[in-house]
Amino acid sequence: MRDYRYAVMALMAVMAIINYVDRGAISYASGPITAEFGLDKAAWGAVLGYFGYGYMVGALFGGALADARGPKWMWVVSGTAWSVLEIGMVFAGQFGVAVLGGSALLGFAVFRVLFGLAEGPAFATINRSLAVWAAPRERGIATGLGLLGTPLGALLTAPIAVALLSIGSWRVMFVLLGSLGLLWVVVWIRVFTDRPQDNPRVGPPERELLTGGTAMPTGKPLGRESWRLFFGSRTLIANTIGFFAFLYVNFLLLTWTPKYLEDEFGFKLSSLWYLGMVPWIGACVTVLLGGRLSDWLAARTGDLRIARSWLAVASLALTGAVFLCIPLVHSPAAVLALIAVGNALNFLPDTVYWAVVVDVAAARAGTFSGIMHFFANIATILAPTLTGVLVADHGYGAMFVGAGIACVVGMVAMVFVNPRAKVDFRPADPVVVPA
């Protein structure tokens, strides 16, 4: 088959869509869940934030396992586990009441942490897969296509979740979504291989194009050497902080937008199926545009620093400015318009954070993507949890101020990213101890 790699990338995008719908659907069930189990805003923020604890660890070890065992093995394990746990959310509250001292909150904590652990490997594994399934000159747009599932999944979460909630209960929603994930795993087993060279659907011309892909690394992916190399790279550290800012905004909107629209403007569930899509429409365009723009800048200027870090700096600066303006407007149309513009700008450099890892350390793309994801995903805990506290104490305007501050921090960090600073995989010189 000609250009089979694009079919693989498209299926990765489908996986990312399922991944994001599964994690975001709970936000649209906030009303019936909080009412059934008596959870206030702070407790609900904690429920949303528990996901991040598991997600961080899953991203770290998932990326390393994708390097060590191969991405296909990681896809199957991760996809199966998170789909089963999505179905298991049906029993989370009752599990807490029956087993954990009568606390439904603790029950949701257990299931959300495990669910996050299972979903964590997904995007590090995408990056590891693209290290061999994308030609070097296509890396930016390929990463963008793989990551398209993030905003597209978030956009589709609203109509899918609202439709499922309308035809059944929130428990029915979780069962159907988990079943869809299991179906994707079955398809993926049949179509994907760790290397293009091993796939009978890849023809000789495409195989030759992709022959220069990354080999499986040797050694322990999460051994001392990997940590030394990661933290010895100023670029990888700064890039992780930039990615943290992106994730803070992303997860804030994913988890709190539905409840914000309900509480602040009185919208009902019947309206959220389309209003919940608005913040993500522009992001579906810019996540692809950003990859293409980054590749174009690299080809036009010959300077990866302009194509990667300065693109992210400009985007984060504009994103922060837009979110800081939101508390100053009061009509729902203006608020939704600003959220949509800010989120679109936030997604413009999404491909950059992943491409930088491949630029400087392709041989450990899975491991280093996992380490980056581990630390950056502090945002998936901080954003929903801190927002619950801020909203309870200071109102919804404070959550947008927090997003603006996160963008400023990320913008400053990306100034120090240099994609030309390759990680040196040669063994470190031995330390000589004087006699």
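Guide: Helix α1 (residues 4-28) and helix α9 (residues 149-167) have axes that come within 7 Å and cross at roughly 50 degrees. Here helices are DSSP runs of H or I with at least four residues, strands are E runs of at least two, and both are numbered from the N terminus; axes are lines fitted to C-alpha atoms, for helices over the stretch in contact, with angles from 0 to 180 degrees between N-to-C directions. The model is predicted, so local features need pLDDT of at least 70 and side-chain atom pairs count only at pLDDT 80 or more, while totals for chains, interfaces and linings use all residues. Residues are numbered from 1 along each chain as its sequence is written, and side-chain values use heavy atoms, leaving out hydrogens and water.

The angle makes α1 oblique to α9 (under 35 degrees is roughly parallel, over 145 roughly antiparallel, 65 to 115 roughly perpendicular, the rest oblique). Their crossing is right-handed, meaning that the near helix is turned clockwise from the far one by less than a right angle, anticlockwise being left-handed. From α1, Ala13, Ala16, Ile17, Tyr20, Val21, Gly24, Ala25 and Tyr28 take part. Their partners in α9 include Gly149, Thr150, Leu152, Gly153, Ala154 and Leu156, and contact requires heavy atoms within 4.5 Å. By class, 15 residues of this contact are nonpolar, five are polar and none is charged (Ala, Val, Leu, Ile, Met, Phe, Trp, Tyr, Cys and Pro are nonpolar; Asp, Glu, Lys and Arg are charged; the others, Gly among them, are polar).

Ser27 also lies in α1. Its relative accessibility is 2%, so Ser27 counts as buried (under 20%; exposed is over 50%, partly exposed in between, with a 1.4 Å probe and protein chains only). Ser27 and Thr255 stand 228 residues apart in sequence, yet their C-alpha atoms are 5.5 Å apart. Beyond four places in sequence, Ser27 contacts Leu48, Leu254, Thr255 and Pro258.

The contact of α3 with α19 has nine nonpolar, five polar and one charged residues.

With Ile33, Met173 and Phe368, Phe123 touches the most other members of the largest nonpolar core, which has 127 residues; such a core is a set of buried Ala, Val, Leu, Ile, Met, Phe, Trp, Tyr and Cys residues joined through side-chain atoms within 4.5 Å. Helix α13 (residues 234-265) supplies the largest share of this core, 16 residues.

Tyr396 sits in the loop between α20 (378-394) and α21 (397-414). At 6% relative accessibility, Tyr396 is counted as buried. Its contacts beyond four places in sequence are Lys41, Trp256, Lys259, Tyr260, Asp263, Glu264 and Val391.

A further pair is α16 (residues 304-325) and α17 (residues 332-347), whose axes come within 8 Å and cross at roughly 160 degrees. These helices are therefore roughly antiparallel, and the crossing is left-handed. The contact of α16 with α17 has nine nonpolar, five polar and no charged residues.
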